[in-house]
Amino acid sequence: MGGRVVIPDTQVVYSMSATHPPVASAEPGDTVVFSTQDCFSNQVRAEDDLERVSWETVNPATGPLEVRGSRPGDTLIVEILDIEVADRGLMVTLPGMGALAHLLKRQTVRFFPIREGAVIFNDRVRVPLEPMVGVIGTAPGEGEVPCGTPGSHGGNLDTRTIGVGSRVYLPVYVPGALLVLGDLHAAMGDGEVVICGVEVPGRVTVKVDLVRGRTLPSPVVETAEAWMTVASAEDLDRAVALALDHMVTFLRERLPLGLEEIGLLLSCAGHTQVSQVVDPLKTARMLIPKRMLDGYGVSF
Ligand code: CA
Ligand code: CA
């Protein structure tokens, strides 16, 4: 059994970069707990607080965690064992932002109690509690990527399938990988259309592991039911095209099938899905249900 590392929510970064020194270190196989602030750095406690938010300190992510022995060209596996969220979440509309900017002209702030497995949206609507991790990534190979932007290193993927029980496979670009995560949502719809989920602080327990010498072009998410390639680009068309190409590559490396058969399989049994349409790059995923691959026994 490995050790257990806890990173407090005071250890945050606002970008992913090789220049951020690790605040904690773990061996492959270790369990790590990340305490996380919400996407507003816990600055919005009452409706009026939104006026005073410092926008330089939004989208904090906790870390970085060094995973000892990881090197460029490896893949980091982050298995999400548990997500605990606070008992109240927050949503906002911001003029000029999100996919409904043409309709929503007013700034609004709403707080939602979270209890009994649900977000209490109002006295008639309860949204099932489906906690997920919005921001999760490694340091990019070059430069610095704000935590609000997704990319091949992960980042602000806002992908609702990154929840309890999922495994996130991330490219390693720098020694130690430098994993950060944050931006928990108690619930979020695909698209994240007004630019937020139910934003909430919390704690994420993960197990980290490494696959040495196996590179990925962008993140892969595995759940109990499916494999997903996740890709981000300037527009959704391009993000879909990238996610699809990455899934073709993923399957070609694991199935004794030609390109045409893989294309046919994805066209009859795979699913193109939208993660988010509101971040600086848009994120899409290509999904293949695991049961379609049972005859081959596909693994990472
Ligand atoms: Ca986000
Ligand atoms: Ca968020």
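## The four-stranded sheet

Four strands, in the order β8-β9-β10-β11, form an open sheet with antiparallel pairing. Strands pair here if DSSP finds at least two bridges between them. Strands themselves are DSSP runs of E, at least two residues long, and helices are runs of H or I of at least four residues; both are numbered from the N terminus. The edge strands are β8 (88–93) and β11 (126–128), and each pairs on one side only. On average, neighbouring strands of this sheet are turned by 30 degrees against each other, direction ignored. Axes are lines fitted to C-alpha atoms, for helices over the stretch in contact, and angles run from 0 to 180 degrees between N-to-C directions.

β8 and β9 (residues 108–115) run antiparallel, joined by 6 bridges. One example is Val92, whose bridge partner in β9 is Val109.

## About the model

This is a predicted model, in which local features need pLDDT of at least 70, side-chain atom pairs count only at pLDDT 80 or more, and totals for chains, interfaces and linings use all residues. Residues are numbered from 1 along each chain as its sequence is written, chains are lettered from A and ligands numbered from 1 in the order in which they are written, and side-chain values use heavy atoms, with hydrogens and water left out.

## The nine-stranded sheet

A second open sheet has 9 strands. Their order is β1-β5-β18-β7-β16-β19-β20-β22-β21, and the pairing is mixed. β1 and β21 (271–276) stand at the edges with a single partner strand each, so one side of each has no neighbour in the sheet. Neighbouring strands are turned by 25 degrees against each other on average, direction ignored.

Strand β16 (residues 167–171) meets β19 (residues 220–222) through 3 bridges, and the two run antiparallel. Here Tyr169 stands opposite Val220. Two helices pack on the sheet. Helix α1 (residues 236–252) touches β19, β20 (226–233), β21 and β22 (282–289), and its direction makes about 140 degrees with that of β20. Helix α2 (residues 259–269) touches β21 and β22, at about 100 degrees to the direction of β22. Contact means heavy atoms within 4.5 Å.

## Strand β5

Is β5 (residues 31–36) buried or exposed? 6 of its 6 residues are buried. Buried means under 20% relative accessible area, exposed over 50%, and partly exposed in between (1.4 Å probe, protein chains only). Thr31, Val33 and Ser35 point one way, while Val32, Phe34 and Thr36 point the other way.

β5 pairs with β1 (residues 4–7) in parallel, over 4 bridges. It pairs with β18 (residues 202–211) in the antiparallel sense, over 6 bridges. Val33 takes part in both pairings: Val6 stands opposite Val33, and Thr205 in β18 is the bridge partner of Val33.

## Cysteines

The count comes to 0 disulfides, a disulfide being a pair of cysteine sulfur atoms within 2.5 Å. For Cys39, the nearest cysteine sulfur is that of Cys196, 7.2 Å away. Cys39 is buried, with a relative accessible area of 9%. Cys147 is buried too, at 1%.

## Two domains

The domain assignment, automatic or from a database, gives domain 1 (4–12 + 21–216) and domain 2 (222–292). Their C-alpha centres lie 22 Å apart. 23 residues of domain 1 are in contact with 18 residues of domain 2.

The two domains bury about 1500 Å² between them, 52% of it on carbon and sulfur atoms. Buried area is the accessible area (1.4 Å probe) that two parts lose on being put together, summed over both. Pro150, Thr161 and Gly191 supply 26% of the area that domain 1 buries against domain 2, more than any other three residues.
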